[in-house]
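Let's take a friendly walk through this structure, one step at a time. Please have a look at it first.

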Amino acid sequence: MPGGNARELGWVLAGQTTAFLLCAPFGGVIADRFGRVRMLGLMDMVAGTTLTIQALWFFHGHVPFGVMFTCNAIYGATWGVFWPAFSGFTPSIIPEEKLQAGNSLIKFSENSAIIG
């Protein structure tokens, strides 16, 4: 971004990481309390909405620091709830004898998407 600097990027990434680390220990508890499937869907919708808002600002040509920091902090918080819920959900849909293969497939897909 024009006018951006490494310090601001560091703050944005720190906000995202801090929000994730604050929410992750409670993500499984939240998912157990409100339902894993419900939390997976809700966290995906919230994360998608915040990333859409950020993308619209990028298309506008300038993303204010506050918008970028807030969107990424919310995104980090949603992933802090999503991942514990997802890791608890996976064993409930895959038979125990196929759990290792299922987890391998999930990780392969995730890593392929990241590389892609």
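Predicted model: local features only at pLDDT ≥ 70, side-chain atom pairs only at ≥ 80, totals over all residues.

Residues are numbered from 1 along each chain as its sequence is written, and side-chain values use heavy atoms, with hydrogens and water left out.

Start with helix 1 (residues 6–34), which packs against helix 3 at an angle of about 30°, their axes 6 Å apart. That angle makes helix 1 roughly parallel to helix 3 (angles under 35 degrees count as roughly parallel). The contact between helix 1 and helix 3 has 19 nonpolar, 7 polar and 1 charged residues.

Now turn to the other partner. Helix 3 (residues 65–93) packs with helix 4 (residues 99–115) at an angle of about 145°, and here the axes are 10 Å apart. Which residues of helix 3 and helix 4 meet? From helix 3 come Trp 83, Phe 86, Thr 90 and Pro 91, and from helix 4 come Leu 99, Asn 103, Ile 106 and Glu 110. By class, they divide into 5 nonpolar, 2 polar and 1 charged.

Is Thr 90 buried or exposed? Thr 90 counts as buried because its relative accessibility is 3% (buried means under 20% relative accessible area, with a 1.4 Å probe and protein chains only). Setting aside neighbours within four places in sequence, Thr 90 is in contact with Leu 99, Asn 103 and Ile 106 (contact means heavy atoms within 4.5 Å).

Technical notes: Axes fitted to C-alpha atoms, helices over the stretch in contact; angles between N-to-C directions. Helix = DSSP H or I, 4+ residues; strand = E, 2+ residues; numbered from the N terminus. Nonpolar A, V, L, I, M, F, W, Y, C, P; charged D, E, K, R; others polar. Parallel < 35°, antiparallel > 145°, perpendicular 65-115°, else oblique. Buried < 20%, exposed > 50% of the residue type's maximum accessible area, 1.4 Å probe, protein only.
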